[in-house]
Amino acid sequence: MNIHEYQAKEILRKYGVPTSEGVVIFKKDEINNIIDKFNAKKYVVKAQIHAGGRGKAGGIKIAGSKEEAKKLAYSMLGSTLITEQTLPSGKKVECIYIEEACDILKEYYFSLVLDRNKERLIFLVSTEGGVNIEKVSSDNKEKIITISIDPIMGLNDFHCRHLALSLELNTNQAKQLTRIANAIYKIFLDNDANQIEINPLVLTNDGNLIALDAKINFDDNALFLHPDIAAMRDESEEDPLEIEASKAGFSYIKMHGNIGCMVNGAGLAMATMDIIKFYGAEPANFLDVGGGADLARVTKAFKIILSDKAVKGILVNIFGGIMHCDIIAMGIVEAAKDIGITVPLVVRLAGTNFELGNKILASSGLKIIAANDLGDAANKIVEAIRGFI
């Protein structure tokens with residue numbers, strides 16, 4: 001789960017990480033009153049959306065006066081922002097964050113992430129922080145320094161010295177960074193985060209380190225332990241279908257293609273999307289219906305897939321293990337009858353009782369295209385939607 005910058009900074013301040021002072025605004029009729037009460041020499045007006053690249057897209061503006069800040073706030077709040085990380089349609093700005101501008105001497109990149117392969121937390125830092133960090137990570141990888149933290153030893157002073165040396169900080173700045181690193185590490189562990197990113201972490205003209213921006217992503221599976229964090233969820237930033245799928249108990253991510261996918265198992269779902277692309281088409285979604293693909297779950301999955309008007313065909317790829325293929329096939333047939341699916345439907349069954357499952361599909365009287373293997377399934381659905389379109 002992602003949260004907004006202003007929420008992330010509230011958490012940072014709670015743990016002692018220095019940030020600029022700011023105020024959040026949700027409604028246009030609040031702008032004058034809130035800005036009149038907020039005093040600063042210069043103001044930074046920031047769109048609050050769950051996507052990076054705001055600065056390049058006009059979502060971060062500097063104002064030299066309260067009146068200018070008000071004008072920027074009025075134009076930004078309610079506007080649609082399109083960045084490199086949004087869909088082409090962009091995201092509507094439902095709230096803005098206004099903070100005091102600071103005099104920046106140097107920008108750094110500073111983050112703590114979970115490396116699942118190494119089963120460790122990893123600090124990623126760079127002297128090249130700011131809006132071009134993605135370009136740095138692709139063109140100048142040597143400027144991204146990684147420091148791995150042993151889960152038993154935890155974060156130690158020598159790690160912090162390594163971080164400070166990597167960022168070329170002096171003794172006073174290194175002490176500040178040590179406090180920040182320890183706070184970030186504690187935030188991560190206390191709240192079951194997946195990633196904490198500060199970009200940029202800035203050095204001001206008076207020699208202080210400040211978190212000028214902040215992004216935090218939390219482990220969805222641990223949110224039940226943190227109701228205060230779960231309360232920060234902004235569903236307006238999420239796809240309605242993804243929210244509906246989450247409430248139904250399975251994983252769904254909307255994509256840009258026109259072939260809907262219903263699969264049991266995340267790895268199998270990834271392979272299904274890959275082979276659709278291999279055969280020259282694009283998946284419309286990632287959907288892992290889980291191991292218990294009964295009638296109710298299959299019906300719900302079909303409804304969610306078909307709620308996406310871009311879907312021109314559906315590929316069902318099921319491996320029967322605990323749930324046998326004949327039971328899954330009956331669920332598919334009943335769900336297809338109940339919903340009245342009009343787009344091409346290709347089904348590939350493998351695993352326990354797959355022969356019986358295929359017989360059930362063949363005798364259903366429905367226009368279900370059976371496939372022998374994953375390659376055959378992908379080829380058949382791609383050909384089917386060409387004829388359907």
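Mentor: Start with Pro 200, which lies in strand E10, residues 193-204. Keep in mind that this is a predicted model.

Trainee: OK. What joins Asn 199 and Pro 200?

Mentor: A cis peptide bond, with omega at about 10°. Most peptide bonds are trans.

Trainee: Where is Asp 192, then?

Mentor: Asp 192 is in the loop between helix H6 (171-191) and E10. Its phi is near 55°, a positive value in a residue other than glycine.

Trainee: Buried, exposed or partly exposed?

Mentor: Asp 192 has 29% relative accessibility, so it counts as partly exposed.

Trainee: Which loop has Glu 119 in it?

Mentor: The one between strand E7 (104-115) and strand E8 (120-126). Glu 119 has a positive phi too, about 55°, although it is not a glycine. Most residues other than glycine have a negative phi. Glu 119 counts as exposed because its relative accessibility is 65%.

Trainee: New topic: sheets. In what order do the four strands of the open sheet come?

Mentor: E1-E6-E2-E3, with antiparallel pairing. E1 (22-25) and E3 (60-63) are the edge strands, and each has a single partner, so one side of each has no neighbour in the sheet. On average, neighbouring strands are turned by 20° against each other, direction ignored.

Trainee: How many bridges join E2 to E6?

Mentor: Five, between residues 43-47 of E2 and residues 96-100 of E6, and the two strands run antiparallel. As one example, Ala 47 has Ile 96 in E6 as its bridge partner.

Trainee: Which helix packs on that sheet?

Mentor: Helix H1, residues 5-14. H1 touches E1, E2 and E6, and its direction makes about 50° with that of E6.

Trainee: Last one, helices. At what angle do H10 and H11 pack?

Mentor: About 45°, and their axes are 9 Å apart. H10 covers residues 295-306 and H11 covers residues 325-339. That angle is why H10 is oblique to H11. The crossing is right-handed.

Trainee: Which residues make the contact?

Mentor: From H10, Leu 295, Val 298, Thr 299, Phe 302, Lys 303 and Leu 306. From H11, Gly 331, Ile 332, Glu 334, Ala 335, Asp 338 and Ile 339.

Trainee: And how many are nonpolar, polar and charged?

Mentor: The contact of H10 with H11 has seven nonpolar residues, two polar and three charged.

Terms used. Residues numbered from 1 in each chain as written. Predicted model: local features only at pLDDT ≥ 70, side-chain atom pairs only at ≥ 80, totals over all residues. Heavy atoms only, no water. Axes fitted to C-alpha atoms, helices over the stretch in contact; angles between N-to-C directions. Parallel < 35°, antiparallel > 145°, perpendicular 65-115°, else oblique. Left-handed = near helix turned anticlockwise from the far one by under 90°. Contact = heavy atoms within 4.5 Å. Nonpolar A, V, L, I, M, F, W, Y, C, P; charged D, E, K, R; others polar. Pairing = 2+ DSSP bridges. Buried < 20%, exposed > 50% of the residue type's maximum accessible area, 1.4 Å probe, protein only.
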